[in-house]
Amino acid sequence: MSSTTIQPKSNVTPVADFLPLYGTDYVEFYVGNAKQAAHFYKTAFGFQSLAYSGPETGNKDFASYVIRQNKLTFVLTTPIRSDNAVAEHIRVHGDGVKFLALKVEDAADAWKQTTQRGGKSFKEPETLTDPDGEVVMSGIHTYGDTVHLFIERKNYNGIFLPGYVKWETQYNPTETGLQYVDHCVGNVGWNQMNPWVKFYEDVMGFKNILSFDDNDISTEYSALMSKVMSNGNGYVKFPINEPAEGKKKSQVEEYLEFYNGEGVQHVALATNNIIETVTALKNRGVEFLKIPASYYADVLSRVGHIDEDLEPLQELGILIDRDDEGYLLQIFSKPLQDRPTVFFEIIQRKGAKSFGKGNFKALFESLEREQALRGNL
Ligand code: FE2
């Protein structure tokens, strides 16, 4: 039944990576109210204030708040006027991820390599300077209105980017142990998964490392298909989902309807101690999908021995899965805004390199209960 495939390790001499990536530089959200969103992400998730750009710094069209926790950097941007592209993006999509910015050594070359392979330019290489040095930035479009920026900051010592000032504040909630972006998932339309897989292969040199079809990811009612794309060193992983035929509307269809197009479905944030992190997040008001007690009745017979006690995992609703290399612990938040669109996954990897296939059924049944409550199933 299952068609999950793990690509065999190739014996041929590896070809030089034409787009070396050194991880996620930042994730930028366009939001309806960046001042309040920054407060929410600081309070609920333990991010720290880092930098600010707005009318006071000469930015006449929008305001951006930069927050950070370990290697995670988020930018929250809102328009302060109605007649610009940021305002239009929010009118169409609501709050969502606009930029997945990637760290590169050479942003001009990243732009050249990707655009000559068919990537559609969003931004030609531009050098931004201030007294702290220079940043070179370029970018290409991906699915929907989402953009990959290439950020070269090896000659920059400033707080974030030229144009930003340090954001000083008395309000610094403690961190929750979130570390870095593990992966970032896109939802695309019907029959669009394979064209976007090809985009990541051809334009960005990524490889398809895992595939799931509707036999792997289906419940009685709804289904989806997914392929995981990874860059050469594995620092950047982008699973791509598309809806599949089911008796009722799938979570991907609900997303596409309310986001009004393709976009980022979830950002997975890594932690080194998921029990401590999720306990802190729940205490701060973050809401997670609920998993029925029946899931825990036989989970250990499926995944074998784990280091953690099962009781706190069950109490918090944390899911467990195992692959050939180890196991992982994961949990999914409810949507981060009123539209049922982008959400977070919190993940702790203990050797496993996969994405929790063994949890898909329990997870999607939980998502369907939420969809039904919204009247969207
Ligand atoms: Fe995920």
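A residue is called buried when its relative accessible area is under 20%, exposed when this is over 50%, and partly exposed in between, with a 1.4 Å probe and protein chains only. Helices (H or I, at least four residues) and strands (E, at least two) are DSSP runs, numbered from the N terminus.

This report describes a predicted model, in which local features need pLDDT of at least 70, side-chain atom pairs count only at pLDDT 80 or more, and totals for chains, interfaces and linings use all residues. Residues are numbered from 1 along each chain as its sequence is written, and side-chain values use heavy atoms, with hydrogens and water left out.

**The protein as a whole**

The secondary structure consists of 10 helices and 18 strands. The protein is as compact as a globular protein of its length, because its radius of gyration of 20 Å is close to the 21 Å that the globule rule gives for 377 residues. This radius is taken over C-alpha atoms, and the rule is 2.2 Å times the number of residues to the power 0.38. Along the principal axes, the C-alpha trace spans about 60 × 50 × 40 Å. Of the 377 residues, 56% are buried.

Contact means heavy atoms within 4.5 Å. Among contacts with a separation of 6 or more, 68% join residues 24 or more positions apart.

**Helix 4**

In helix 4 (residues 193-202), the residues M193, W196, V197, F199 and Y200 are buried. They lie on the same side of helix 4, because they cover an arc of only 155 degrees around the axis; the arc is that of the directions from the helix axis to the C-beta atoms. An α-helix has 3.6 residues a turn, so residues three or four places apart point the same way.

| Partner of helix 4 | Residues |
|---|---|
| strand 8 | 133-141 |
| strand 9 | 147-152 |
| strand 13 | 223-230 |
| strand 14 | 237-244 |

**Two individual residues**

T114 belongs to helix 3 (residues 107-116). With a relative accessible area of 0%, T114 is buried. Neighbours within four places in sequence aside, T114 is in contact with L19, G119, I140, F150, V203 and M204.

D324 is found in the loop between strand 16 (319-323) and strand 17 (326-332). Its relative accessibility is 78%, so D324 counts as exposed. D324 and S354 stand 30 residues apart in sequence, and their C-alpha atoms are 9.2 Å apart in space.
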